[in-house]
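Subject: Structure handover

Hello,

Here is the structure we discussed. Please look it over, then read the notes below.

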Amino acid sequence: MIRIRNATKTFSSFKAVDNISLDIKERETLVLLGTSGCGKTTTLKLINRLIELSAGSIEVAGKNIQQQKPEELRRRIGYVIQGAGLFPHYTVKENIAVVPRLLGWNKSKTETQTSRILEIMGLSAQKYLWKYPRELSGGQQQRVGLARALVTDPPVVLMDEPFGALDPITRSSILHEFRNLEALRHKTVILVTHDIQEAFELGDRICLMDKGEIQQLGTPKELVFQPANAFVRRFLQERRFQLQLQVLQLAELHSYLQPHLTFTDTNIITLPGTASVLEATQLLSVATYPRPVIALEATATTPALHLGISDIMAAVDKYIQTLNL
Amino acid sequence: MNDLAAFVDFVRLQSGKLLEQTLEHIGLTIISLSLSIVIGLPLGLLITRYKRGSGTVLGIAGILQTIPSIALLGFLIPFLGIGPKPAIFALFLYSLLPIIRNTYTGVMQVDPTLKEAARGMGMTDWQLLTRIELPLALPVLFAGIRTAAVLNVGVATLAAYIAAGGLGEFIFGGIALNNTPMILAGAIPAALLAIAFDFILARLQNLRRGRLKPALLLFCLGIPLFSSFYLIPNNAKLQAGLSPEFAGRPDGYPGLKATYQLDLNTVIMAPALVYKAVYESDVDIIDGYSTDGKIKTYNLRVLEDDKQSFPPYHAAFLVREPVLQQHPELRQVLELLSGTINDSLMTELNYQVDFAKQSPADVAKAYLKKKGLWQASRSGLGETIVLGSKIFTEQYILTEMLSQLIKGYTDLQVSAKTGLGGTKICFDALAAGEIDIYPEYTGTGLQVILNTPPALADSLSKDKELMFKYVSTRFQERFQIEWLPPLGFNNTYALMMREQQAKRLHITTISDLKHYLEQ
């Protein structure tokens, strides 16, 4: 969907982005991760030409961006920024209708789509269309910001630290919703963040950057278990264990799990094989009595299993040992 | 309470004039403000795009605003003449700064992330400007326009100085004539106008977006309406430019009108600017003082007051009687100058100091030598005589002459306290014995110091001998101060024309002028 080839951006003598090549697949969520100043935001803005390339080329949907008018390019790409960036003199309705207006949509189409997307974002159109941004909470503003980027159903959406300005609780609830958002499922999303947790939760693939260069591009699992260099290892060091649990699915532990007696009288939680190990351990660590047990669903090739926390931790340990060998 | 009643009376009597001035004032303000908006707003926007130019543009606009208004109006006369044109141009220059600066600041303070969001969504630079930057800059931008409007209402009073009318006519006339109701009749409407402009602009700012357009349209239609009354053609034979004091004082233009049945086509101007205006042929007749050095500088002809309409202002030295008693030898010296200086001679002497830039001492010495009166200083060690003078050239020269004479003819010492602010300061100093001698004018003595009732003053004015006798008798009785015999010249009001034009039209007296106008 997006091809970046040898992209370089130089500000006077400073190379913000240094010879990056990157392919972003259709319907993929790619996270650009790194510390501030690593070049991730610059890379994002190169794609919609808010920053112009110094060298190299970028194609979006097969067309070289340099051969299009920047305004027209941008109108076809959704754009979400930190703190939503809503225009304070526009109502929610006017804010969402900015791009439809630029595209010259007629009034009724604009109105229908505006209300529809707002409802999808979990805000009642009737209640919120006429409000001004200052009357909304941070979380609501961010939803409107998302609605504004998605209202024209663009195939590509660029997001620049979209959840950066939210408090932790609002943030985690929006993150959760965001991951399950149907409207985003068929889109190619490029999201910039400095938050490791967020990157691992949302990214199909993660592109970890430093000093304008790509340090590693891969799935979350690859970054955790096969760090490409010392920088990647160091970058993930602090959260390594949690990330390991997060990227592993229960089904992957199957061959390391001991068949176990079936509990009968305990609190049983059933999970699919695709659930993450982290989710399972979090459910098991809830301090109630009787202690809960995870029931892993049977698949075509594997039988159903009942697991306690110690079973899971032992299996994880074995999994990692095998990898290291 | 008396003032209030006088004020109400004045407004009732002059309501027509007041309305006219108010309309002129509004016109001046609106036209100049519109010009500033039309020029300043795009300029302000331009420097948000080409930031390198912002320092220069704001700097120039800032410098323009520091030019003193009367000086600016003076600069403009050679290019734009007098009347509304230079006034509007000056007001336009003054209101540029707040408009440019606030446009620039307003747009620059719009959150950069909003601008980036707008561009990221695909707005063109023009759309960014009109949909995001301008609406968000509007409060700051409007504050600039409001500042400029209030500023313009205030500065527009100065338009009266160059015959552009407005409420300044009453204000400056009132100040010149010490007429409080007249000042108030100009100042109060001006203040109300400033408040009204501010209020209306504030309302305009808060209009919903939909209603802004009709309001703007109305505004655009209103401007030609206000401009129109500056276009009324003026085809008088001769145009007079009068200072507010002369135009209002009973012994000035009103007296002239009564004595000669003279009806001039007049405009009001600053005393400092009338000479320039007549020189540039913006007006043909001006008022002034008959011994002013500028008469020679600008080659003007003083029209002879053949029916003695202007009151006599004969110059003479005022001396405290005790001084004369202690030093009887002084009298003879003081009278050496009596009757020796006529009008044109005094004009010439003033000219030498004011425009040929010689010192009053040199001019005085040269004159005394020419008359054979000069004697080298005796460097005597006698008592000290203190001379005073008001703060203008003629008085400096006279005081200097007297000082040189006293030093040359007596053993007394002389010290001078020159540049005393005005009549009252000079006279009070004399009465208190702080100074011993200073030059004064009979008319001033009669009107300002003795406060003679108008009717009596009028009848005395007709005869200069009688007037001198009256004044000197009264001063002796009341203050023990003596008027020495007059020096000879009469520094009174005068009507003047350009020498060339007066010659061509054969006008030497005010009666000639009247005849010419009636032909």
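A:Lys40 is buried, and A:Glu161 is buried too (buried means under 20% relative accessible area, exposed over 50%, partly exposed in between, with a 1.4 Å probe and protein chains only). Their side chains meet in a salt bridge, 4.0 Å from N to O (a side-chain nitrogen of Lys or Arg within 4 Å of a carboxyl oxygen of Asp or Glu). A:Lys40 sits in helix α1 (residues 40-47) of chain A and A:Glu161 in the loop between β7 (156-160) and α8 (168-179) of chain A, so the pair ties together parts that are 121 residues apart in sequence. Helices (H or I, at least four residues) and strands (E, at least two) are DSSP runs, numbered from the N terminus.

Some ground rules. This is a predicted model: local features need pLDDT of at least 70, side-chain atom pairs count only at pLDDT 80 or more, and totals for chains, interfaces and linings use all residues. Residues are numbered from 1 along each chain as its sequence is written, chains are lettered from A and ligands numbered from 1 in the order in which they are written, and side-chain values use heavy atoms, with hydrogens and water left out.

More on salt bridges. In chain B, B:Glu348 and B:Lys296 meet at 3.4 Å, N to O. B:Glu348 lies in helix α17 (residues 343-354) of chain B and B:Lys296 in helix α14 (residues 294-297) of chain B, so this pair ties together parts 52 residues apart in sequence. B:Glu348 is partly exposed at 25% relative accessibility. B:Lys296 is partly exposed at 39%. B:Arg49, B:Lys115, B:Asp125 and B:Glu133 form a network of salt bridges.

Next, the strands of chain B. Six of the seven residues of β6 (residues 384-390) are buried, so the rest of the structure largely encloses this strand. β6(B) pairs with β7 (residues 413-420) of chain B in the parallel sense, over six bridges (strands pair if DSSP finds at least two bridges between them). B:Leu387 stands opposite B:Ala416 in β7(B). β5 (residues 315-320) of chain B is mostly covered, with six of its six residues buried. Five bridges join β5(B) to β8 (residues 437-441) of chain B, running antiparallel. There, B:Val319 stands opposite B:Ile437. β5(B) also pairs with β9 (residues 481-483) of chain B, antiparallel, over three bridges. B:Leu318 faces B:Trp483 in that strand.

Now chain A. UniProt, in an unreviewed entry, places "domain: ABC transporter" at residues 2-236 of chain A. UniProt positions use the numbering used here, feature names are shortened, and annotations may be inferred rather than shown by experiment. The span is 39% helix and 26% strand, and its end C-alpha atoms lie 27 Å apart. An open sheet of four strands has the order β2-β1-β4-β5 in chain A, with antiparallel pairing. Its edge strands are β2 (14-24) and β5 (63-64) of chain A, each pairing on one side only. β1 (residues 2-11) of chain A pairs with β2(A) over seven bridges, antiparallel. A:Ala7 has A:Ile20 as its bridge partner in β2(A).

Last, one exposed site. A:Gln67 is in the loop between β5 and α2 (70-75) of chain A. A:Gln67 counts as exposed, at 68% relative accessibility.

Best wishes
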